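Here are my notes on the model, as numbered points.

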Amino acid sequence: MTLSLSTPELVDVKPDDHAGRQLVDEWLRAYAAGRDPELRDRILRAYLGMADRLAERFRRSRNTSPEDLRQAARLGLLTAIDRYDPGRPGGFVPYAVACIVGEIKRHLRDTTWRVAVPRQTKELALRVCQTADELAGRLGRLPTAADVADVL
């Protein structure tokens, strides 16, 4: 399969859509090399469905709307696209899922503090989340509490 900007746009790449995932993998490699905004947009559209499905998992969360959750998920997807290194093992999807879920959790943490929490505690919570996000990218899986504790 060759990279072509005239290739029809993918609306939603499903886990079992191997041809679609291969094409998007080519786009990811090309985007990492050249940072073409058109490729970024195509990759974004290919995985919007995944981001929205992940946001839907948090629909019962308090003090937030479905629109805010989708926005946080999509921000996580953009972050994943921009930070993804095709040379890393594990592939894009696990990395993107970790980034998206991390961004949703960050959104929920920032909007759901119901009590006055000392700043130091909030900063520690942020460090834990950032470390977990970084480890997820490095390990290619969600880190355990012990993994995060070892790093911190």
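1. Arg109 is buried, at a relative accessible area of 13%; the cut-off for buried is under 20%. This is a predicted model, so the values here are computed from predicted coordinates. Arg109 belongs to helix α4.

2. What does Arg109 touch, leaving aside residues up to four places away in sequence? The contacts are Ala125, Leu126 and Cys129. Lys122 is 13 residues from Arg109 in sequence, and their C-alpha atoms are 9.0 Å apart.

3. Helix α1 covers residues 18-34 and helix α2 residues 37-56. The two pack at an angle of about 145°, with 9 Å between their axes. The crossing of α1 past α2 is left-handed.

4. On the α1 side of this contact are Arg21, Val24, Trp27, Leu28, Ala30 and Tyr31. They meet Leu39, Arg40, Arg42, Ile43, Ala46 and Tyr47 of α2. By class, the contact has 9 nonpolar and 3 charged residues, and no polar ones. An α-helix has 3.6 residues a turn, so residues three or four places apart point the same way.

5. Helix α2 has 20 residues and spans 27 Å from its first C-alpha to its last, close to the 28 Å expected at 1.5 Å a residue.

6. Which residues of α2 are buried? They are Leu39, Arg42, Ile43, Leu44, Ala46, Tyr47, Gly49, Met50, Ala51, Leu54 and Ala55. The buried residues of α2 pack against α1, α3 (66-83) and α4 (92-111).

7. Helix α3 has 18 residues and reaches 26 Å between its first and last C-alpha, close to the expected 26 Å at 1.5 Å a residue. Its buried residues are Leu69, Ala72, Ala73, Gly76, Leu77, Ala80 and Ile81. These pack against α1, α2 and α4.

8. Two loop residues deserve a look at their backbone angles. Most residues other than glycine have a negative phi. Arg35, in the loop between α1 and α2, has a positive phi of about 55° although it is not a glycine. Arg35 is partly exposed, with a relative accessible area of 41%.

9. Asn63 lies in the loop between α2 and α3. Its phi is positive too, at about 60°, and Asn63 is not a glycine. At 47% relative accessibility, Asn63 counts as partly exposed, because that class runs between the 20% and 50% cut-offs.

Terms used: Residues are numbered from 1 along each chain as its sequence is written. This is a predicted model: local features need pLDDT of at least 70, side-chain atom pairs count only at pLDDT 80 or more; totals for chains, interfaces and linings use all residues. Side-chain values use heavy atoms; hydrogens and water are left out. Axes are lines fitted to C-alpha atoms, for helices over the stretch in contact, and angles run from 0 to 180 degrees between N-to-C directions. Helices (H or I, at least four residues) and strands (E, at least two) are DSSP runs, numbered from the N terminus. A crossing is left-handed if the near helix is turned anticlockwise from the far one by less than a right angle, and right-handed if clockwise. Contact means heavy atoms within 4.5 Å. Ala, Val, Leu, Ile, Met, Phe, Trp, Tyr, Cys and Pro count as nonpolar, Asp, Glu, Lys and Arg as charged, and the others, Gly among them, as polar. The expected span of a helix is 1.5 Å times one less than its number of residues. Buried means under 20% relative accessible area, exposed over 50%, partly exposed in between (1.4 Å probe, protein chains only).
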